[in-house]
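Q: I've got a new model open and I'd like to learn how to read it. Can we walk through a few features together?

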Amino acid sequence: MKYCRFQIAGQAHYGLVEPVAGRDEITRLLLHAPEEAGGDMEDFRTRRMERIALEEATLLAPVHSSKIVCVGRNYREHAAELGNEVPVEPLLFFKPPSALLGPGGSIRRPQISQRVDHEGELGVVIGKRCYKLSPDEDVRPFVLGYTAVNDVSARDLQNKDGQWTRAKGFDTFCPVGPVVSDDVDPWSGVQVETRLNGTVRQQGNTRNFIFPLDVLIRYISQAMTLEPGDLIPTGTPKGVGPMVAGDVVEVTVDGVGTLRNPVIED
């Protein structure tokens with residue numbers, strides 16, 4: 001099952017996304033925000049609407065997050081390409097909710113940075129509150145679904161600052177979408193691909209995570225309460241690189257779709 005968030009007549013709505021005659025369409029309106037469903041998409045209440053092709057809808061970021069807890073260097077080859085050691089435990093950082101950006105929205109490249117990179121990732125959307133999960137506790141009931149994320153990074157500021165808040169936290173630095181899907185299994189392997197102006201720059205698979213998803217969620221939950229709607233970008237594969245104004249970056253996650261955003265100067 002998939003859902004999106006979209007705009008009609010200036011109002012934001014959540015919609016059920018289903019395949020119809022070979023293309024994805026928004027077929028029904030959700031009566032409540034997905035994070036209110038108790039962690040199960042099957043519990044969504046819906047009502048009829050005039051169908052809209054997903055590609056023709058004005059899409060918004062499909063998450064409403066109290067926090068965005070990101071994972072750094074979760075692929076060995078990505079750690080190596082930037083000259084970093086492979087972490088011995090998950091490396092966490094935050095993006096503010098103000099960084100969220102929907103599909104098609106413009107990534108604003110700040111003039112104070114000389115290098116702004118794309119980082120395509122699988123994103124996890126939390127469905128149920130969790131805190132201090134036990135080592136053997138199944139994390140799947142706490143996951144609402146999965147989406148595509150671009151962890152946009154001002155690389156020079158990241159290196160200069162030492163900590164990553166400013167470099168990762170600019171407005172528009174967290175594009176998310178186009179949908180949230182529960183038809184994804186990161187443990188079996190999900191392909192993640194990033195294209196810049198149509199050229200493939202990144203390819204990775206969640207089978208190659210240093211820290212699998214269950215380890216990540218349990219680890220994060222030891223420090224903070226994860227609330228319904230919270231977003232966890234799970235790390236980027238090798239191939240990160242700079243974007244400039246006029247570029248178009250696309251992040252494709254199997255089972256989710258393609259998140260497409262142009263880049264402009266701020």
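This is a predicted model: local features need pLDDT of at least 70, side-chain atom pairs count only at pLDDT 80 or more; totals for chains, interfaces and linings use all residues.

Q: What is the volume of the largest cavity, and which residues are closest to its centre?

A: The volume comes out at about 90 Å³. Closest to the centre, out of 15 lining residues, are Arg-73, His-78, Glu-119, Trp-164 and Lys-168. By type, the lining splits into 6 charged, 5 polar and 4 nonpolar residues. Searching the whole structure for cavities of 30 Å³ or more turns up 1.

Q: Now a sheet. How do the strands of a sheet pair?

A: They pair through backbone hydrogen bonds, in parallel or antiparallel fashion. Here, 5 strands make an open sheet with mixed pairing, ordered 9-20-19-15-16. Strand 9 (107-109) and strand 16 (199-205) sit at the edges with a single partner strand each, so one side of each has no neighbour in the sheet. On average, neighbouring strands of this sheet are turned by 20° against each other, ignoring direction.

Q: In which sense do strand 15 and strand 19 pair?

A: Strand 15 (residues 191-196) and strand 19 (residues 248-253) are antiparallel, with 5 bridges. To find your place, look for Thr-194, which stands opposite Val-251 in strand 19.

Q: And why is helix 4 largely enclosed by the rest of the structure?

A: Count the buried residues, meaning those under 20% relative accessible area. In helix 4 (residues 213-221), 7 of the 9 residues are buried, so the rest of the structure largely encloses it. Among them are Leu-213, Leu-216, Ile-217 and Arg-218. The cover over the buried residues of helix 4 includes strand 6 (68-72), strand 7 (91-95) and strand 12 (143-150).

Notes: Residues are numbered from 1 along each chain as its sequence is written. Side-chain values use heavy atoms; hydrogens and water are left out. Buried means under 20% relative accessible area, exposed over 50%, partly exposed in between (1.4 Å probe, protein chains only). Helices (H or I, at least four residues) and strands (E, at least two) are DSSP runs, numbered from the N terminus. Contact means heavy atoms within 4.5 Å. Two strands pair if DSSP finds at least two bridges between them. Axes are lines fitted to C-alpha atoms, for helices over the stretch in contact, and angles run from 0 to 180 degrees between N-to-C directions. On a 1 Å grid over the protein atoms alone, a cavity is a set of points where a 1.4 Å probe fits but cannot get out, and a pocket is an open set with protein on both sides within 12 Å along at least five of seven lines; lining residues have an atom within 4 Å of a point. Grid points are joined across faces, edges and corners, and a volume is the space filled by probe spheres set on the points. Ala, Val, Leu, Ile, Met, Phe, Trp, Tyr, Cys and Pro count as nonpolar, Asp, Glu, Lys and Arg as charged, and the others, Gly among them, as polar.
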